[in-house]
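Let's look at a protein model together, one question at a time. Have the picture open as you read.

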Amino acid sequence: MTSGPSLTVLSVTSECVPFVKTGGLADVAGALPAAVAPQGVAMRTLLPGYPAVLEALGKAEQKPVQVARWDSLFGGAARLFAAQLEGRDMLVLDAPHLFTRDGTLYLGPDGQDWPDNDRRFAALSWVAAQIGAHGIEGWKPRVLHLHDWQAGLTPAYLHAMGASGSCGTLMTIHNIAFQGLTPASQMHALQLPGELFSAEGFEYWGQISALKAGLVFSDRISTVSPTYARELLTPEFGTGLDGVLRARAGDVCGILNGIDKQAWAPPFKSQRGKASRVAALRKEAGLPDSDGPLCVVISRLSAQKGLDVLLSALPALLARGGQLMLLGSGDPDLEDGFRAAAQDHAGVSVRIGYNEPLSRRMMAGAEAVLVPSRFEPCGLTQLYGLHHGAVPVVARTGGLADTVIDANAAALRAGVATGIHFAPVTAEALAHAFHRLCDLYDAGAPFRAMQRAGMKADVGWESSAEEYARLYAEIAKP
Ligand code: ADP
Ligand code: GLC
């Protein structure tokens with residue numbers, strides 16, 4: 001705990017629990033303020049006023065305060081509200097022409113990106129830059145913490161305003177696969193200065209890249225695990241931005257995500273309690289009794305997550321008595337593939353959709369959690385798994401490699417193993433991992449030791465919060 005004046009930080013994000021979530025960014029943005037508070041960091045969070053957020057605003061215990069308004073913000077009137085929501089100090093950008101619509105945060109009802117996503121998140125970034133430069137009602141952030149491409153244009157706006165010196169900027173990459181690309185013809189509509197449209201600025205192969213703007217113009221760059229911070233510098237993982245990142249290699253670091261241990265406390269206290277959760281989950285999933293491990297996947301169904309490889313390797317798990325329950329949605333081919341697997345095999349149960357309460361019951365009842373990702377900046381489900389005595393079986397990449405200790409002979413002997421790594425991400429390697437999992441499961445005692453070690457693993461925010469606080473202090477202005 002540090003004493004003295006607080007270091008003010010504005011976290012700028014397109015999603016945040018418990019209001020809106022499509023993936024791990026929401027968990028991280030929602031947990032950060034409370035995580036860094038003991039380090040003397042006073043964090044406010046700037047979030048778009050999607051319908052669910054406005055609803056939360058309407059239910060706030062204390063009336064939200066309007067702290068700014070614009071007659072025309074990227075094509076319509078907008079207001080900024082300050083409110084305490086669910087224990088978080090929020091700034092909500094109410095811009096109905098940009099954020100009040102049906103569909104998901106980024107996609108229209110047709111499943112396609114909203115055609116004006118560039119403008120929607122340019123508006124968020126522009127407002128963040130205004131707050132960074134001028135403050136709001138007597139409050140000024142000394143640091144802007146920018147998450148993913150949706151906040152990426154912020155330091156470019158600051159630069160264009162001649163206000164880069166007014167606050168520090170940290171750009172965090174949660175997923176480099178999304179870069180906020182838009183045609184150069186949008187420059188005027190996005191109020192971007194033409195002189196920054198160059199290879200040294202936010203130009204990317206003739207287009208505007210919001211993420212590149214963040215990488216080029218921010219003071220520091222972070223991502224969500226040390227291994228992914230190294231991987232990002234390579235062509236294999238850098239997704240076309242590895243050169244930009246290598247040029248700033250000295251400014252790039254990796255800070256692991258944690259989980260909110262209170263919000264994700266396991267609903268059992270003993271091995272017996274766990275066993276009854278396993279039985280309950282089997283029942284809920286409609287799976288028969290089995291003498292193999294009950295494995296779960298809770299995931300977006302996208303190429304990143306390697307679930308096509310899981311489909312191919314599934315027979316190896318089932319042949320050993322293992323079972324799979326999957327919850328997820330996304331790529332229609334993968335949805336169909338898993339539906340078909342459930343029809344073909346009694347040991348497979350599949351729920352297509354997004355369902356947070358079910359995801360929690362699955363973590364509680366799982367004996368293993370599978371994360372066969374091709375790349376994974378950090379990954380959260382393996383952390384929830386560790387915390388719930390579900391042994392992670394993970395691809396040896398990114399944050400998965402950093403948070404799970406492989407059950408090699410030395411780690412098993414030392415009692416520190418918490419899961420199983422496999423590489424490369426192929427059906428053969430995953431099938432081999434399933435055999436290792438089932439061997440350990442059949443042996444009994446080593447599997448239980450792994451469950452115990454996982455439940456004791458440090459998956460909270462404390463040490464990462466210290467790292468963020470140190471980083472904020474280094475870049476804070478003035
Ligand atoms: P990513 O952010 O790449 O999707 P993470 O593992 O960091 O991956 O975070 C995913 C988060 O979303 C986790 O909290 C996970 O439990 C949750 N999640 C993913 N799919 C679903 C789903 N279908 N239902 C409920 N929660 C889900
Ligand atoms: C991204 C990544 C995931 C990470 C999450 C939160 O969506 O894919 O690995 O855990 O962001 O940082």
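Pro424 lies in the loop between β18 (420-422) and α17 (427-443); helices (H or I, at least four residues) and strands (E, at least two) are DSSP runs, numbered from the N terminus. This is a predicted model, where local features need pLDDT of at least 70, side-chain atom pairs count only at pLDDT 80 or more, and totals for chains, interfaces and linings use all residues. Residues are numbered from 1 along each chain as its sequence is written, chains are lettered from A and ligands numbered from 1 in the order in which they are written, and side-chain values use heavy atoms, leaving out hydrogens and water.

Q: What is omega for the cis peptide bond that joins Ala423 and Pro424?
A: Pro424 sits in the loop between β18 and α17. The bond joining Ala423 to Pro424 is cis, with omega at about -5°.

Q: Which residue does a cis peptide bond join to Val17?
A: Look in the loop between β1 (7-12) and α1 (24-36), where Pro18 has its place. Omega is about 0° for the cis bond between Val17 and its partner, Pro18.

Q: Is Trp205 buried or exposed?
A: Find Trp205 in the loop between β9 (203-204) and β10 (207-209). Its phi is near 45°, a positive value in a residue other than glycine. Buried means under 20% relative accessible area, exposed over 50%, and partly exposed in between (1.4 Å probe, protein chains only). Because Trp205 has a relative accessible area of 75%, it counts as exposed.

Q: How many salt bridges does the structure hold?
A: A salt bridge is a side-chain nitrogen of Lys or Arg within 4 Å of a carboxyl oxygen of Asp or Glu. One of them pairs Asp251 with Arg248, the closest N and O atoms being 3.0 Å apart. The number of salt bridges in the structure is 20.

Q: How many residues apart in sequence are the parts that Arg361 and Glu284 tie together?
A: These two side chains form a salt bridge, with the closest N and O atoms 2.7 Å apart. Arg361 lies in helix α13 (residues 356-365) and Glu284 in helix α10 (residues 271-285), so the parts tied together are separated in sequence by 77 residues.

Q: In which helix do Asp336 and Arg339 both lie?
A: Their side chains meet in a salt bridge (3.2 Å, N to O). The two are three residues apart, about one turn of the helix, and that helix is α12 (residues 332-344).
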